[in-house]
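Biologist: I would like to learn how to read a few features in a model. Please show me, step by step.

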Amino acid sequence: MNTSMKKSPQRPSLRQVLPDLLLLPTVALMLSAVMTWANVGFGELFLARWARGFVTCLLVLHMVLVLLGVLEKRVEMLFATLSKFGRTLVVSLLTAVMIESILALALTLISGSGSSEFARLWWMAFSRSLPVGVLIGLFMGFYMKPRMDRMRKAAQG
């Protein structure tokens, strides 16, 4: 009986999952804070709504990540003649718009606002968080994603 501890190939190592474990909550914290501020300001409602928004963002971002893989493949196909830099820029900007749209929708829905206020509150959350989303998208596309890909490859090989 072999008692040595070998790592199972099916179980990811900490080096593989650590970037995702740190990155997703950080993005969720920042975006939910901006969107909550856009809808309620920094008043007494802020912390409670931010906490609820943060949890919602964490859940929604996992679903959005699945869509990002599809988006990246589509951009690769549709813009094959564009340089790698250009494709990364397109993916980063589309990612920002997609994430901000979906998160603004989710956070506006959980805020419990009436239907007459919904469009205005969604727009406030979306438009005020979009600059932050673009910065995060560019940072992710040009810096973090290549590093995370290299870390995953190194952990697998």
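Modeller: Start with a term. A salt bridge is a side-chain nitrogen of Lys or Arg within 4 Å of a carboxyl oxygen of Asp or Glu. Also note that this is a predicted model, where local features need pLDDT of at least 70, side-chain atom pairs count only at pLDDT 80 or more, and totals for chains, interfaces and linings use all residues. Residues are numbered from 1 along each chain as its sequence is written, and side-chain values use heavy atoms, with hydrogens and water left out.

Biologist: How many salt bridges does the structure hold?

Modeller: The general idea comes before the count. Side chains of opposite charge can pair when their charged atoms come close. This structure has two salt bridges. One joins the side chains of glutamate 76 and arginine 87, at 3.0 Å from N to O. Glutamate 76 belongs to helix 2 (residues 46–78) and arginine 87 to helix 3, so this pair ties together parts eleven residues apart in sequence.

Biologist: What counts as a helix here?

Modeller: A helix is a DSSP run of H or I, at least four residues, numbered from the N terminus.

Biologist: Which residue forms a salt bridge with glutamate 117?

Modeller: Arginine 120 does, with the closest N and O atoms 2.5 Å apart. Both residues sit in helix 4 (residues 115–156), three residues apart, so about one helical turn separates them.

Biologist: Which residues does threonine 88 touch?

Modeller: Contact means heavy atoms within 4.5 Å. Threonine 88 touches Gly141 and Phe142, not counting residues up to four places away in sequence. Threonine 88 is in helix 3 (residues 84–110). Its relative accessible area is 13%, so threonine 88 is buried.

Biologist: Where does leucine 130 lie, and what is it in contact with?

Modeller: Leucine 130 lies in helix 4. Leaving aside neighbours within four places in sequence, leucine 130 is in contact with Ala96, Val97 and Glu100. Leucine 130 is partly exposed, at 22%. Now check a C-alpha separation. Leucine 130 and leucine 31 are 99 residues apart along the chain, and their C-alpha atoms are separated by 9.1 Å.

Methods:
Helices (H or I, at least four residues) and strands (E, at least two) are DSSP runs, numbered from the N terminus. Buried means under 20% relative accessible area, exposed over 50%, partly exposed in between (1.4 Å probe, protein chains only).
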